[in-house]
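The sequence and structure come first.

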Amino acid sequence: MTKIALAIAGSEATGGAGAQTDIKTFHQLGVYGCTALTCIVSFDPANDFGHRFVQIDPQVIHDQIEASVGVHSQIDAVKIGMLGTPTTIGAVADALKTYQFPQVVLDPVLICKGQEPGAALDTDNALREQVLPLADLVTPNLFETQVLAGVDEITTVDQLKDAARRIHDHGVPAVLAKAGTLLGTGTALDVFYDGQTMEVLEVPAVGSERVSGAGCTLAAAITAELAKGAEPLQACRTAKQVVVSAIENRMHGKAPFDYAYQGCYTG
């Protein structure tokens with residue numbers, strides 16, 4: 001039977017990230033994808049491709065999740081991406097508690113660079129307090145790993161390992177702490193930790209420029225593999241290979257960055 005994954009994420013109109021990337025990644029890995037959109041993000045070509053953000057009403061988010069659960073016999077795994085506001089986070093947390101999905105992958109989007117009061121800090125705090133404890137696996141980037149681990153900086157692999165351990169100790173069963181190329185190892189390096197296994201996952205670095213959608217692709221690929229029954233570590237290993245392919249075959253356009261493309265991965 002074909003497995004089913006639900007992406008709870010923002011819409012990114014160009015198809016380079018967000019729910020659009022999630023659906024394409026699910027499909028590439030043989031998993032049926034459905035979505036609950038949390039917001040609509042569009043780049044502004046007239047303003048240096050800055051982000052335009054429109055929140056979706058929490059009731060509509062609830063309705064979308066309810067529809068997917070009501071139509072499909074079982075949601076095998078859920079990937080959570082951009083949420084954006086405390087009210088959205090509350091609606092998603094309520095749904096996770098209600099439906100008790102078997103696998104929840106959180107790709108956390110933290111936006112606050114410090115402890116200044118305001119909407120950014122409120123949003124980050126809500127995510128940590130309401131959604132993080134409900135995740136089975138979390139995939140923070142280097143900045144997000146620092147924030148979630150409560151450390152000032154991560155410049156070495158040992159520090160990344162320690163941060164992954166700290167996040168796990170906060171109650172997250174499995175952590176994939178992503179450094180990518182930022183530690184200067186010449187590879188794209190992440191650390192996996194689940195309380196028993198600590199493993200450094202490395203693949204060859206493909207260039208040095210940021211590729212939009214790589215993080216979404218990674219978390220979505222992990223979600224798809226978990227939906228199919230893979231163990232978390234093996235799901236992360238496979239997902240890294242999917243991302244390598246997506247970056248190697250990236251799309252070029254008019255924006256000052258390229259887009260990941262998932263369609264060439266063959267396993």
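Phe-257 has a relative accessible area of 11% and therefore counts as buried (under 20% relative accessible area; exposed is over 50%, partly exposed in between; 1.4 Å probe, protein chains only). Phe-43, at 11% relative accessibility, is buried as well. The model is predicted: local features need pLDDT of at least 70 and side-chain atom pairs pLDDT 80 or more, while totals for chains, interfaces and linings use all residues. Residues are numbered from 1 along each chain as its sequence is written, and side-chain values use heavy atoms, with hydrogens and water left out.

**Aromatic pairs**
- Three aromatic pairs are counted, where rings of Phe, Tyr and Trp (its six-membered ring) pair if their centres lie within 6.5 Å, and planes under 30 degrees apart are stacked, over 60 edge-to-face and the rest tilted.
- The ring centres of Phe-43 and Phe-257 are 5.3 Å apart with planes at 55 degrees, so this pair is tilted.
- Phe-43 belongs to strand E2 (residues 32–44) and Phe-257 to the loop between helix H8 (232–248) and strand E11 (258–259); the two are 214 residues apart.
- Phe-43, Phe-257 and Tyr-259 form a cluster linked by ring pairs.

**Sheet and helix**
- The chain has eight helices and eleven strands, taken as DSSP runs numbered from the N terminus (helices H or I, at least four residues; strands E, at least two).
- Nine strands make an open sheet with mixed pairing, in the order E3-E2-E1-E4-E5-E6-E7-E8-E9; two strands pair if DSSP finds at least two bridges between them.
- Strand E3 (50–55) and strand E9 (198–204) are at the edges with a single partner strand each, so one side of each has no neighbour in the sheet.
- Strands E7 (residues 174–180) and E8 (residues 187–193) run antiparallel and are joined by five bridges, with Gly-180 opposite Leu-189 in E8.
- Helix H7 (residues 214–227) lies across E1, E4, E5, E6, E7 and E8, at about 165 degrees to E4 (axes are lines fitted to C-alpha atoms, for helices over the stretch in contact; angles run from 0 to 180 degrees between N-to-C directions).

**Whole chain**
- Of the 267 residues, 51% count as buried.
- Among contacts (heavy atoms within 4.5 Å) between residues at least 6 apart in sequence, 65% join residues at least 24 apart.
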